[in-house]
Amino acid sequence: MKKIFTFIKDFLIERIIFLCGILAIIFVFLIFLFLLNQGISFFGAYSLWDFLGGKFWYPASDPPQFGILSLVIGSLFVTIQAALISIPLGVMTALFIAEIAPPVIKDILKSVVELLAAIPSVVIGFIGMITLVPLVRKLFNIPTGLSSFSGALMLAFMAMPTIVSISEDAIRSVPWSYKEGAIALGATRWQTMYRIILPASLPGIMGAVMLGMGRVIGETMAVMMITGNAAHIPSSVFDPVRTMTATIAAEMGETVKGSTHYHSLFAIGLVLFIITFIINFIADTFMRKTRR
Amino acid sequence: MAILTVTNLDLFYGAFHALKAITMMIEEKKITAIIGPSGCGKSTLLRMFNRMNDTIENIRITGEVCLDGKNIYNMKTEREIDRLRRKVGMVFQRPNPFPLSIFENVAFGLRIHKKAKGQVLKEIVEASLKAVLLWDDLKHKLKTSSLRLTLEQQQRLCIARVLAVKPDVILLDEPCSSLDPIATRRIEELMIELKKQYTILLVTHNMQQAARISDDTGFMLLGKLIEFGQTSCIFTNPREKETVDYITGRYG
Ligand SMILES: Nc1ncnc2c1ncn2[C@@H]1O[C@H](COP(=O)(O)OP(=O)(O)OP(=O)(O)O)[C@@H](O)[C@H]1O
Ligand SMILES: [Mg+2]
């Protein structure tokens, strides 16, 4: 009797777990279908080519223009700057935590990084708006601090926890025997780090970087509050830019449901979805490589 | 002539007394084997000679270990210690080639010490691989990852990596314990070949191995060096009762 009960329990639990897994896949798939459906009705009214290649995003003018080139460039521009700041900083922090820091400092740094990950992005955006933006304006003597550079600084800050904690895992999982071998050959701590530990953990670090960048490109609130939201192609890092995410968030409330403008926002979402999907896919490929 | 001398060496891991009053002399260009049951302190002793124990926290050492008459535990700077490790190379129990190409594994020591580059570097890599009898098999795939090699090849590569920096002494900690009997015999032959040029210290579990290839043997038990002398004496005419018990198999 007891045996049958255990059997049923096992059976049920197995099924439930299976169902959860399948549901996750189904939901992602449904979201994609929904985006595709809404987006495609947009391309009934507007040409795909003008959408992807057009420089001007004037949804309210007559006739309206829905060119997302400046938005895509805005997103990429902010992301690349954030990457240039957060990748070296994040990887070095991870190295410091994993290899150099004495235990007390290591613990403190790790909890600070975790705490950083827990701050909601509106809060980061808000703090950035009242502290960073005026600072950047004064420091570089520019008309407005609302620029892609300020946004990138804030985003770098937000990508750091992901980059640091995942890179640190990768660095810590380098077998001790590699380090031992290097030390026994007379390698200094620094030589061991950059000749053995870094190359050995590189796939994991690349994965961490890609995940961090995925977070950056999908980030909305902070960039909307800080980057200035001017939909034009920037000529310097101190120009304001507008990102794809900020556009969707800012305009969704003021469109008429079912209008071309409304559908155009879903088309942007579709582009964003494809970009993040590719980034995550690359990240996953790298991570899988380290695990082997 | 003795190249390494150990005088009254004690080592504590925290409160645990792992090496007790060890005194011994290691002859140049000979194979000295250290045998003894598991946990008796063989690896700990071996790791004294290249100051590998420095990487362990909470350790206390008293006594002297002299290389060419100089106490290596008087060295203060990292640079001196790094130089010591170049002179006293180490091969580990499990082959641990770096996750780099075969070539870069052998070149590693030369690169970090800026000893050679270009053509000279290539020549030293070739000579080192020849010395461990890997060259003929691998000369066309020097760029492939070292992790693809068989365990025996990996262990040979680790020996080549040490040879490339031209050490005086080579420490080997159970270098054959993850190899099959045939590979073991071949590595033993290699060690006999290497002793023409290098002083070799070999930790082994395998008494036959010690008897086959070593000139001197030390027997350790519970942190003490019970007996040390010519291998032929130790195995045919041991002085101490513990040694007799061990070599007749009474300790497992
Ligand atoms: N880092 C360490 N901290 C504390 N104790 C240690 C440490 N390393 C080794 N020991 C202890 O010191 C003793 C000797 O260890 P060692 O590794 O030198 O033995 P061994 O003779 O090489 O054994 P085996 O044949 O199993 O390799 C053992 O009792 C071990 O538990
Ligand atoms: Mg050992």
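## A walk through chains A and B

B:Asn58 sits in the loop of chain B that runs between helix 1 (42-46) and strand 4 (59-67). Helices (H or I, at least four residues) and strands (E, at least two) are DSSP runs, numbered from the N terminus. This is a predicted model, in which local features need pLDDT of at least 70 and side-chain atom pairs count only at pLDDT 80 or more, while totals for chains, interfaces and linings use all residues. Residues are numbered from 1 along each chain as its sequence is written, chains are lettered from A and ligands numbered from 1 in the order in which they are written, and side-chain values use heavy atoms, leaving out hydrogens and water.

Most residues other than glycine have a negative phi, and most peptide bonds are trans. B:Asn58 has a positive phi although it is not a glycine, and so does B:Leu133. B:Leu133 belongs to the loop between helix 4 (118-131) and helix 5 (135-138) of chain B.

| Residue | Phi | Relative accessible area |
|---|---|---|
| B:Asn58 | about 60° | 67%, exposed |
| B:Leu133 | about 60° | 61%, exposed |

### Chain B as a whole

Chain B holds ten helices and ten strands. Its radius of gyration is 18 Å, close to the 18 Å from the globule rule for 252 residues, so chain B is as compact as a globular protein of that length. That radius is taken over C-alpha atoms, and the rule is 2.2 Å times the number of residues to the power 0.38. Of the 252 residues in chain B, 54% are buried.

### Over to chain A

Helix 1 (residues 2-45) of chain A has 44 residues and spans 64 Å from its first C-alpha to its last, close to the 64 Å expected at 1.5 Å a residue. The expected span is 1.5 Å times one less than the number of residues. Which residues of this helix are buried? They include A:Leu35, A:Gln38, A:Gly39 and A:Phe42. An α-helix has 3.6 residues a turn, so residues three or four places apart point the same way.

The peptide bond from A:Asp62 to A:Pro63 is cis, with omega near 0°. A:Pro63 lies in the loop between strand 1 (57-58) and strand 2 (65-66) of chain A.

Finally, A:Glu251 is in helix 10 (residues 244-251) of chain A and is buried, with a relative accessible area of 6%. Leaving aside residues up to four places away in sequence, A:Glu251 touches A:Trp57, A:Pro59, A:Arg242, A:His261 and A:Leu265, where contact means heavy atoms within 4.5 Å.

Key:
Buried < 20%, exposed > 50% of the residue type's maximum accessible area, 1.4 Å probe, protein only.
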